[in-house]
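Student: I would like to learn how to read an annotated site in a model. Can we work through one together?
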Amino acid sequence: MATSSSVVVLAVLATVAALVSPAMSLPVFTGDVGVSPGFHAASCPQLDGIGCDASILLNTTSARETALLPNLTIRSRAMQLIESIRARVHATCGSVVSCADITLLATRDSIIVSGGPWFSVPQGNLDSLAPASQKNVSDLTSPTMASMAALVESFRTRGLGDVADLVALSGAHTIGRSHCDSFADRYRRADDTFSRKLAANCRKHPDRLQNLDVVTPDLFDNGYYKALRFKQGVRTSDMALVKNKTTAAIVKRFAQSKHAFFGQFARSMEKLARAPKLAGNVGEIRRFSCFRTNAQRADALDAADEEEEGFAASA
């Protein structure tokens, strides 16, 4: 039976691309000096095993169930999974591992579970002390981006200057699903056979999620690129990859060779994880929630205490 990995893995990947609300105070991956794949070898030797075991959680819901869920619920599900992993890691090792590290490891291992490549994950990143900026919460490849220049610039500002990074990381859509609203600009143009089919599907089932890889939607492989070669890209940003001479050549290479795609995807993910931030590796290890800073948690507890004292005083 098909699983929800294709939906929830992309939602976990979204934490790398920072797709959730800035109010959630998403952990920031700093990728600066001091981080290394073996950073927690002494303080939490069980970490890799916990991350691998927890990635199985991403395969617990049937595709039939998730097909009826809105994107917000999927993201909430992914956030709950990250919270579950954090609780398990901190219960085993204490509060020595950041949510940033946990999210990176869960992302890597969930990709592997879905059939994708292994890649090195730098550890020792700290979680941000403030809510992520709007720039950080935007998708690396906004669904409506039609300009290759805009796509390239979006990646360049995140330390991904090689156009192969853009094409390879777009390949995360090989296990993705998306709501009709996110690619409405594509199907409303109805300028090719596939977009007209998308339009018909969305009119008939507006709440159903659309596979972003129509070849092998439940496997992390190169099916996404094979679909692009037949102009079966769901998002406008997907189609932009085959309309540009340079990126189209890379799409062709990845469509012909899963090995070539996997190799570049692993390199690009490592580069993304290691991209330095202007402020450096400054932050904290979030002890209570991956989506609240420790100060926010303390403020919430203080407010709750004051409310209880108020009730007691009025009793």
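Tutor: Start with the record, and keep in mind that this model is predicted. The UniProt annotation "binding site", from an unreviewed entry, covers Thr174, Asp213, Thr216 and Asp221. These residues are spread over 48 residues of sequence, yet they cluster in space, with a largest C-alpha distance of 9.6 Å.

Student: Where is Asp213 found, and is Asp213 buried or exposed?

Tutor: Asp213 sits in the loop between strand E2 (210–211) and helix H10 (223–229). Buried means under 20% relative accessible area. Asp213 has 0%, so Asp213 counts as buried.

Student: Which residues does Asp213 touch, leaving out those up to four places away in sequence?

Tutor: Asp213 touches His173, Thr174, Gly176, Leu219, Asp221, Gly223 and Tyr224. Now look for polar atoms. A polar atom of the Asp213 side chain lies 3.2 Å from the backbone nitrogen of Thr216.

Student: What about Asp221: where is Asp221 found, and is Asp221 buried or exposed?

Tutor: Asp221 is also in the loop between E2 and H10. Its relative accessibility is 10%, so Asp221 counts as buried under the 20% cut-off.

Student: Which side chain is joined to that of Asp221 by a polar contact of 2.6 Å?

Tutor: The side chain of Thr216. Beyond four places in sequence, Asp221 is in contact with Thr174, Asp213, Thr216, Lys258, Phe261 and Phe262.

How values were computed:
Residues numbered from 1 in each chain as written. Predicted model: local features only at pLDDT ≥ 70, side-chain atom pairs only at ≥ 80, totals over all residues. Heavy atoms only, no water. UniProt positions renumbered as here; feature names shortened; annotations may be inferred. Helix = DSSP H or I, 4+ residues; strand = E, 2+ residues; numbered from the N terminus. Buried < 20%, exposed > 50% of the residue type's maximum accessible area, 1.4 Å probe, protein only. Contact = heavy atoms within 4.5 Å. Polar contact = N/O pair within 3.5 Å; in protein donor to acceptor, adjacent residues only side chain to side chain.
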